[in-house]
Amino acid sequence: MSEFKTVRGMRDFLPEEARLLRHVESKGREMARLYGYREIVTPVVEPYELLSAKAGEEVKSRMFLFKDLGGRDVALRPEFTASIARLVATTLRNEPKPFRLFSTGTVYRYDEPQRGRYREIWQTNYELLGSSRPEADAEILLLTCNLMKAAGLRKFTFKVGHVGVLRGIFTQEKLLEKVQSAVMQLLDKKQYEDAFKLVESAGVSEACMPTLRKMIDLKGNNVLEVVDRVADLVKDYEKAVEAAKNLREILDLVLKSEAGVDLTVDAGFARGLEYYTGMILEVFVPDLDIALGGGGRYDKLIELFGGDPTPAVGIAHGVDRMMLAVQQQRTPQKVLQETERERTVLVIPIKQELRGEALRISQILRNVGIPVELEVMGRKMTKALEDADRRKMSYAVIIGEKELKEKAVVVRNLGKRAQSTVKIEDVAKAVES
Ligand code: HAM
């Protein structure tokens, strides 16, 4: 039989990696708690029709699509947003607004595997539903900023744009919705010349092309100034001007929050997912040219799914990529130590006959929440202690006949290499001190 391997693009997380994954995820959960996002759990398998409705060509073509045994076209979710929008359009329809929802887990995309690009992707996802106001957009950005810091990242920057500026131009130029979406896909992939050709072939006004060409060059971190220049450039397109003003308001709020966010506005910025209607954003770290998170405003999706008109804004973070960034910027061990200072105990019976006692004392410790490993290899005490040292455990509890007669055990502090005899009733206290 040939050697088994994981399916291409799928990964195992060995204990240290799994610990880092759960560390980042736990910070995601912590942000959900701090910002009032309640967790919601949705299925990994959803109808293809739902997932593909507004995913955009790129994501659509990379879905894990199959027929279930009932002949239904279903797919593994490539993101959480479609499932949340389905719920808001149906079961949660009458929920008082606003409400905030958090999800975490895996999503699936048939992307070309490489560093930071996988086919099974871990995300933390936040959706704020029911508000069209700029403070809602600002919240999504600030939450992401806090999450990056909490996960242990030191340097990160936000790229921000507004779909409404380009869409405003295209709509006034009477570009069909389908063509607009195709142009946005090309812009997302930075295939500017192809995007321009497509716009030009739609028979736009003479002023349109120079405006678009100038727009993609408008970017910088003096953000309010850049947005003002965008507004000036598109002044003949009413909806585009409105969009630029909306972006200005959002950025102004972010700056006023004094969160110290590193921002760049990019007027030619577009995202692959098709449902965005307003501000869009992505977050990056230096030396990794892939986004650690991305999102934006999508005010029409819930209506499209048959729900009441519900403005919404949200973001998803790539947990895998955040892990990569932590590994790059920091020593992951240090990051983990900062948050987890757990004591671990190895219980060693010095002879076979004392295994029952070892199990009993292990239970006493676990019942008060102390993590315990039992020596299950039947090794001599010195060998077991060497192994505990190697694995940087905190204490060994040695069960010996002589001490047991006195209802006591030996507690050894592995770091300090000091030991003392302790009454069984006091063991928990001794390993906690
Ligand atoms: P997205 O930009 O497609 O947005 O994905 C969010 C994040 O997932 C990316 O920034 C990246 O960190 C991570 N990611 C995506 N594809 C891969 C991959 N192949 N390998 C590793 N990481 C990946 C969304 O998913 C939207 N649903 C976000 C959203 C929520 N918009 C509004 N609400």
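1. P98 sits in the loop between α4 (81–89) and β5 (99–108). The peptide bond from K97 to P98 is cis, with omega near 0°. Most peptide bonds are trans. Helices (H or I, at least four residues) and strands (E, at least two) are DSSP runs, numbered from the N terminus.

2. On the source: this is a predicted model, in which local features need pLDDT of at least 70 and side-chain atom pairs count only at pLDDT 80 or more, while totals for chains, interfaces and linings use all residues. Residues are numbered from 1 along each chain as its sequence is written, and side-chain values use heavy atoms, with hydrogens and water left out.

3. K190, in the loop between α7 and α8 (192–201), has a positive phi of about 60°. K407 has a positive phi of about 55° and lies in the loop between α17 (401–405) and β16. At 62% relative accessibility, K407 counts as exposed; exposed means over 50% relative accessible area, buried under 20%, and partly exposed in between (1.4 Å probe, protein chains only).

4. An open sheet of 5 strands runs in the order β14-β13-β15-β16-β17, with mixed pairing. Two strands pair if DSSP finds at least two bridges between them. β14 (372–374) and β17 (418–423) are the edge strands, each with a single partner, so one side of each has no neighbour in the sheet. Neighbouring strands are turned by 25° against each other on average, direction ignored. Axes are lines fitted to C-alpha atoms, for helices over the stretch in contact, and angles run from 0 to 180 degrees between N-to-C directions.

5. Which strands pair with β15? β13 and β15 run parallel and are joined by 5 bridges; I348 has I398 of β15 as its bridge partner. β15 (residues 395–399) and β16 (residues 408–413) pair in the antiparallel sense over 4 bridges, with Y395 opposite N413.

6. Helix α15 (residues 355–367) packs on this sheet, touching β13 (345–349), β14, β15 and β16, and its direction makes about 170° with that of β14. Contact means heavy atoms within 4.5 Å. Helix α16 (residues 381–390) lies across β13, β15 and β16, at about 170° to β13. In β15, 5 of 5 residues are buried: Y395, V397 and I399 on one side, A396 and I398 on the other.

7. The largest pocket has a volume of about 1100 Å³. Of the 50 residues lining this pocket, R109, R117, R271, E282 and R321 are the closest to its centre. A pocket is an open set of points on a 1 Å grid over the protein atoms alone, where a 1.4 Å probe fits, with protein on both sides within 12 Å along at least five of seven lines; a lining residue has an atom within 4 Å of a point. Grid points are joined across faces, edges and corners, and a volume is the space filled by probe spheres set on the points.

8. Elements that each supply at least two lining residues include α3 (57–61), β6 (120–129), α7 (177–188) and β10 (279–285). β11 gives the most, with 8 residues. By class, the lining has 18 nonpolar, 14 polar and 18 charged residues. Ala, Val, Leu, Ile, Met, Phe, Trp, Tyr, Cys and Pro count as nonpolar, Asp, Glu, Lys and Arg as charged, and the others, Gly among them, as polar.
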